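Please look over the sequence and the model below before reading on. The report that follows takes up a few sites in turn.

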Amino acid sequence: MYYYNYLVIPFQFIFLFWLYTRSFKRKSGMFWLFAFLYLISFLPSELYFSKSTIINSFNYTFGCFLLLMLVISEYAKQLYSDDILNFRQNRMFYINLGVTLFYIGTLPFYTFYKILYYGYSDLWQVYCTYAQTSDILMYALFSASFIWGKQNY
């Protein structure tokens, strides 16, 4: 559990922050800002929310909200450019869709995990199935981005 909470999941978030911010026109430290904010979120998570019965993981929730801002900006960038016409060759389209399905779609599930598990077991079971399915779909879409995506260099 500690391996995933303190190494794997933070690495995934920091990698996704890098992936999204590298395509911004005005980079000016956006990646470092998002990474710093996410890493700082471990402090309240450990100090205030470690024994919380409401919020399961504050740093995961905060990381998902940061990722949500990047996902929305990427969708806006794709919609207002000519990239939308060639979405099949756009790697970020598939990555964005996968991140939306899993990280954004399961945000309430992982945030309020304990409340759902103990109070609403039927809803928890449905959301757990969605989380597993969307995880598989996310990695399938990531693979599709490498297979069908066009190199933009």
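**A serine within a helix**

In which helix does Ser 134 lie? In this predicted model, Ser 134 is part of helix 8, which covers residues 121-148. Its relative accessible area is 1%, and because buried means under 20%, Ser 134 counts as a buried residue.

The surroundings of Ser 134 can be described at two levels. A polar atom of its side chain lies 3.2 Å from the backbone oxygen of Ala 131, and, once neighbours within four places in sequence are left aside, Ser 134 is in contact with Leu 101, Phe 102 and Thr 106. Of these, Leu 101 and Phe 102 fall within the range of helix 5, residues 91-104.

Leu 33, Phe 36, Leu 37, Ile 40, Leu 43, Leu 47 and Tyr 48 together make a nonpolar surface patch of about 740 Å². Two helices, helix 2 (30-40) and helix 3 (42-47), each supply at least two residues of this patch, and the largest share, four residues, comes from helix 2. Leu 43, one of the patch residues, has its place in helix 3.

**Aromatic pairs**

The count of aromatic pairs in the model comes to 28. One of them joins Phe 17 and Phe 34 in a tilted arrangement, with 5.8 Å from centre to centre and 45° between the planes. Phe 17 lies in helix 1 (residues 2-21) and Phe 34 in helix 2, so this pair ties together parts that are 17 residues apart in sequence. Both partners are buried: Phe 17 has a relative accessible area of 0%, and Phe 34 has a relative accessibility of 7%.

Another pair is formed by the rings of Phe 109 and Tyr 110, whose centres are 5.0 Å apart. The planes of these two rings stand at 65°, so the pair is edge-to-face, given that the cut-off for this class is over 60 degrees. Within this pair, Phe 109 is buried, with a relative accessible area of 2%, whereas Tyr 110, at 25% relative accessibility, counts as partly exposed.

How many salt bridges does the count come to? The count comes to one salt bridge, in which the side chains of Glu 74 and Lys 77 meet at 3.4 Å, N to O. Both residues lie in helix 4 (residues 58-79), where they are three residues apart, about one turn of the helix.

Glu 74 counts as buried at 2% relative accessibility, while Lys 77, with a relative accessible area of 28%, is partly exposed.

Met 92 and Val 71 are 21 residues apart in sequence, and their C-alpha atoms are 9.8 Å apart in space.

Technical notes
Residues are numbered from 1 along each chain as its sequence is written. This is a predicted model: local features need pLDDT of at least 70, side-chain atom pairs count only at pLDDT 80 or more; totals for chains, interfaces and linings use all residues. Side-chain values use heavy atoms; hydrogens and water are left out. Buried means under 20% relative accessible area, exposed over 50%, partly exposed in between (1.4 Å probe, protein chains only). A polar contact is a pair of N or O atoms within 3.5 Å; within protein, one must be able to donate a hydrogen and the other to accept it, and residues adjacent in sequence count only if both atoms are side-chain atoms. Contact means heavy atoms within 4.5 Å. Patches are made of residues with over 30% relative accessible area and no salt bridge: like charges are joined within 9 Å, nonpolar side chains (Val, Leu, Ile, Met, Phe, Trp, Tyr) within 5 Å. Accessible areas come from the Shrake-Rupley method with a 1.4 Å probe; for residues, only the protein chains shown count as cover. A salt bridge is a side-chain nitrogen of Lys or Arg within 4 Å of a carboxyl oxygen of Asp or Glu. Rings of Phe, Tyr and Trp (its six-membered ring) pair if their centres lie within 6.5 Å; planes under 30 degrees apart count as stacked, over 60 as edge-to-face and the rest as tilted.
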